[in-house]
Amino acid sequence: MTGVQTCALPILPALPAKVAVRATSEVDGVTGAVVAAGADRPGAGGRRPSVLVVDDEPALREIVGAWARELGLAVTVASSGPEALACVERERPDALLTDVLMPGEFGGIELARRARALHPDLTILVASGFAGDGIEGLRELGLPLIEKPYRKAQVTAALREQIRLAAGR
(Lines give C-alpha, C1' and ligand atoms only; values in the text may rest on other atoms or scores of the structure.)
Protein backbone atom coordinates (compact mmCIF):
# COMPACT_ATOMS: atom_id res chain seq x y z
CA MET A 1 0.00 0.00 0.00
CA THR A 2 1.38 3.40 -0.93
CA GLY A 3 2.77 5.46 1.92
CA VAL A 4 2.72 2.72 4.53
CA GLN A 5 6.22 1.60 5.37
CA THR A 6 7.60 -1.42 7.08
CA CYS A 7 9.47 -0.70 10.24
CA ALA A 8 12.83 -1.16 8.53
CA LEU A 9 12.16 2.01 6.55
CA PRO A 10 11.54 5.54 7.84
CA ILE A 11 8.01 6.60 8.65
CA LEU A 12 6.48 8.54 5.78
CA PRO A 13 4.17 11.43 6.53
CA ALA A 14 0.46 11.18 5.88
CA LEU A 15 -0.84 12.29 2.51
CA PRO A 16 -1.52 15.98 1.89
CA ALA A 17 -5.17 16.93 2.30
CA LYS A 18 -5.79 17.08 -1.46
CA VAL A 19 -4.41 13.63 -2.23
CA ALA A 20 -6.63 10.56 -2.02
CA VAL A 21 -5.80 6.88 -2.15
CA ARG A 22 -8.35 4.13 -2.47
CA ALA A 23 -7.71 0.83 -0.74
CA THR A 24 -9.98 -2.15 -0.53
CA SER A 25 -9.21 -5.19 1.53
CA GLU A 26 -11.07 -8.09 3.02
CA VAL A 27 -10.17 -8.81 6.63
CA ASP A 28 -11.84 -11.62 8.57
CA GLY A 29 -14.74 -11.58 6.10
CA VAL A 30 -15.22 -7.81 6.39
CA THR A 31 -14.54 -5.72 3.32
CA GLY A 32 -13.38 -2.20 3.97
CA ALA A 33 -13.09 0.51 1.36
CA VAL A 34 -11.09 3.49 2.46
CA VAL A 35 -10.44 6.87 0.93
CA ALA A 36 -7.35 8.28 2.58
CA ALA A 37 -6.78 11.99 2.90
CA GLY A 38 -4.27 13.62 5.20
CA ALA A 39 -5.36 16.10 7.83
CA ASP A 40 -3.47 19.12 9.06
CA ARG A 41 -3.14 17.90 12.63
CA PRO A 42 0.45 18.19 13.77
CA GLY A 43 1.83 15.84 16.39
CA ALA A 44 4.79 16.34 18.69
CA GLY A 45 7.27 18.90 17.38
CA GLY A 46 4.92 20.06 14.60
CA ARG A 47 5.07 16.71 12.77
CA ARG A 48 2.09 14.58 11.87
CA PRO A 49 0.99 12.09 14.54
CA SER A 50 2.19 8.56 13.85
CA VAL A 51 1.09 5.04 14.57
CA LEU A 52 2.93 1.74 14.43
CA VAL A 53 0.61 -1.10 13.37
CA VAL A 54 1.88 -4.57 14.34
CA ASP A 55 0.28 -7.78 13.09
CA ASP A 56 1.59 -10.96 11.51
CA GLU A 57 -1.32 -10.92 9.04
CA PRO A 58 -0.46 -8.73 6.01
CA ALA A 59 -4.12 -8.03 5.17
CA LEU A 60 -4.78 -6.69 8.67
CA ARG A 61 -1.71 -4.45 8.54
CA GLU A 62 -2.88 -3.14 5.18
CA ILE A 63 -6.44 -2.29 6.12
CA VAL A 64 -5.64 -0.84 9.56
CA GLY A 65 -2.82 1.18 7.99
CA ALA A 66 -5.27 2.55 5.41
CA TRP A 67 -7.76 3.48 8.12
CA ALA A 68 -5.01 5.25 10.09
CA ARG A 69 -3.90 7.17 7.00
CA GLU A 70 -7.50 8.25 6.50
CA LEU A 71 -7.18 9.94 9.90
CA GLY A 72 -4.10 11.80 8.66
CA LEU A 73 -1.60 9.67 10.58
CA ALA A 74 1.85 8.70 9.40
CA VAL A 75 1.86 4.89 9.40
CA THR A 76 4.59 2.33 9.88
CA VAL A 77 3.93 -1.40 10.02
CA ALA A 78 5.76 -4.34 11.55
CA SER A 79 5.05 -8.07 11.42
CA SER A 80 6.56 -9.20 14.74
CA GLY A 81 7.25 -8.10 18.29
CA PRO A 82 11.02 -7.80 17.85
CA GLU A 83 10.68 -5.82 14.60
CA ALA A 84 8.17 -3.49 16.24
CA LEU A 85 10.32 -2.96 19.32
CA ALA A 86 13.25 -1.93 17.13
CA CYS A 87 10.95 0.58 15.43
CA VAL A 88 9.73 1.95 18.77
CA GLU A 89 13.35 2.44 19.81
CA ARG A 90 14.28 4.22 16.55
CA GLU A 91 11.17 6.12 15.57
CA ARG A 92 9.15 6.63 18.76
CA PRO A 93 5.64 6.60 17.26
CA ASP A 94 2.81 8.44 18.99
CA ALA A 95 0.71 5.28 19.20
CA LEU A 96 1.17 1.53 18.91
CA LEU A 97 -1.57 -0.85 17.81
CA THR A 98 -0.50 -4.48 18.20
CA ASP A 99 -1.98 -7.93 17.84
CA VAL A 100 -1.63 -10.16 20.91
CA LEU A 101 -0.70 -13.48 19.33
CA MET A 102 2.15 -13.43 16.83
CA PRO A 103 4.77 -16.03 15.99
CA GLY A 104 8.35 -15.42 17.00
CA GLU A 105 10.31 -14.46 20.05
CA PHE A 106 7.48 -12.48 21.69
CA GLY A 107 3.97 -11.24 20.96
CA GLY A 108 1.91 -8.17 21.63
CA ILE A 109 1.73 -8.21 25.43
CA GLU A 110 5.50 -8.53 25.83
CA LEU A 111 5.95 -5.90 23.10
CA ALA A 112 3.69 -3.58 25.10
CA ARG A 113 5.71 -4.18 28.28
CA ARG A 114 9.02 -3.52 26.55
CA ALA A 115 7.75 -0.52 24.59
CA ARG A 116 6.27 1.00 27.75
CA ALA A 117 9.61 0.47 29.54
CA LEU A 118 11.34 2.43 26.76
CA HIS A 119 8.70 5.15 26.47
CA PRO A 120 6.34 5.27 29.48
CA ASP A 121 4.00 7.76 27.76
CA LEU A 122 3.52 5.69 24.58
CA THR A 123 -0.16 5.06 23.95
CA ILE A 124 -0.81 1.40 23.24
CA LEU A 125 -3.82 -0.45 21.85
CA VAL A 126 -3.97 -4.24 21.79
CA ALA A 127 -6.04 -6.32 19.39
CA SER A 128 -7.09 -9.96 19.60
CA GLY A 129 -9.48 -12.34 17.99
CA PHE A 130 -9.32 -14.82 20.84
CA ALA A 131 -11.13 -14.35 24.13
CA GLY A 132 -8.82 -14.60 27.08
CA ASP A 133 -5.42 -14.57 25.35
CA GLY A 134 -3.20 -12.31 27.36
CA ILE A 135 -6.08 -10.73 29.29
CA GLU A 136 -4.07 -10.78 32.53
CA GLY A 137 -1.27 -8.92 30.77
CA LEU A 138 -3.77 -6.38 29.45
CA ARG A 139 -5.14 -5.75 32.94
CA GLU A 140 -1.65 -5.54 34.43
CA LEU A 141 -0.61 -2.90 31.87
CA GLY A 142 -3.99 -1.14 31.79
CA LEU A 143 -4.27 -1.55 28.02
CA PRO A 144 -7.46 -1.23 25.99
CA LEU A 145 -8.48 -4.23 23.87
CA ILE A 146 -9.89 -4.03 20.35
CA GLU A 147 -11.63 -7.27 19.46
CA LYS A 148 -11.26 -8.87 16.06
CA PRO A 149 -12.76 -9.01 13.58
CA TYR A 150 -12.02 -5.33 13.18
CA ARG A 151 -14.66 -2.78 12.41
CA LYS A 152 -13.52 0.47 10.86
CA ALA A 153 -15.48 2.69 13.26
CA GLN A 154 -14.12 0.83 16.29
CA VAL A 155 -10.47 1.03 15.18
CA THR A 156 -10.57 4.65 14.02
CA ALA A 157 -12.34 5.80 17.19
CA ALA A 158 -9.72 4.04 19.33
CA LEU A 159 -6.86 5.52 17.28
CA ARG A 160 -8.36 9.02 17.48
CA GLU A 161 -8.63 8.72 21.26
CA GLN A 162 -5.08 7.40 21.64
CA ILE A 163 -3.63 10.17 19.48
CA ARG A 164 -5.66 12.74 21.45
CA LEU A 165 -4.22 11.35 24.67
CA ALA A 166 -0.70 11.36 23.23
CA ALA A 167 -1.06 14.99 22.15
CA GLY A 168 -2.04 15.94 25.70
CA ARG A 169 1.19 14.54 27.17
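Guide: A salt bridge is a side-chain nitrogen of Lys or Arg within 4 Å of a carboxyl oxygen of Asp or Glu. Keep in mind that the model is a predicted one.

Visitor: How many salt bridges are there by this rule?

Guide: The general idea is that side chains of opposite charge can pair when their charged atoms come close. Here the count is seven salt bridges. One of them pairs Lys 148 with Asp 99, with 3.1 Å between the closest N and O atoms.

Visitor: Which parts of the chain does the pair of Lys 148 and Asp 99 link?

Guide: Distant parts, 49 residues apart. Lys 148 sits in the loop between β8 (145-147) and α5 (152-167), while Asp 99 belongs to strand β6 (residues 95-99).

Visitor: Are Lys 148 and Asp 99 buried or exposed?

Guide: Lys 148 and Asp 99 are both buried.

Visitor: Where do Arg 113 and Glu 110 lie?

Guide: Both are in helix α3 (residues 108-118), three residues apart, which is about one turn of the helix. Arg 113 and Glu 110 form a salt bridge, and their closest N and O atoms are 3.5 Å apart.

Visitor: Why does Arg 113 count as partly exposed?

Guide: Buried means under 20% relative accessible area and exposed means over 50%, with partly exposed in between. Arg 113 has 30%, so it is partly exposed. Glu 110, at 27%, is partly exposed as well.

Visitor: What do the side chains of Glu 161 and Arg 164 form?

Guide: Glu 161 and Arg 164 form a salt bridge, 2.6 Å from N to O. Because they are three residues apart in helix α5, about one helical turn separates them. Glu 161 is partly exposed, with a relative accessibility of 32%.

Visitor: Now the helices. How are two packed helices described?

Guide: By the angle between their axes and the distance between the axes. In this model, the axes of helix α1 (residues 58-70) and α5 cross at roughly 55° and come within 10 Å. That angle makes α1 oblique to α5. Their crossing is right-handed.

Visitor: Which residues meet where α1 contacts α5?

Guide: From α1 come Val 64, Trp 67, Ala 68 and Glu 70, and they meet Lys 152, Val 155, Thr 156 and Leu 159 of α5. Sorted by class, the contact of α1 with α5 holds five nonpolar, one polar and two charged residues.

Notes:
Residues are numbered from 1 along each chain as its sequence is written. This is a predicted model: local features need pLDDT of at least 70, side-chain atom pairs count only at pLDDT 80 or more; totals for chains, interfaces and linings use all residues. Side-chain values use heavy atoms; hydrogens and water are left out. Helices (H or I, at least four residues) and strands (E, at least two) are DSSP runs, numbered from the N terminus. Buried means under 20% relative accessible area, exposed over 50%, partly exposed in between (1.4 Å probe, protein chains only). Axes are lines fitted to C-alpha atoms, for helices over the stretch in contact, and angles run from 0 to 180 degrees between N-to-C directions. Angles under 35 degrees count as roughly parallel, over 145 as roughly antiparallel, 65 to 115 as roughly perpendicular and the rest as oblique. A crossing is left-handed if the near helix is turned anticlockwise from the far one by less than a right angle, and right-handed if clockwise. Contact means heavy atoms within 4.5 Å. Ala, Val, Leu, Ile, Met, Phe, Trp, Tyr, Cys and Pro count as nonpolar, Asp, Glu, Lys and Arg as charged, and the others, Gly among them, as polar.
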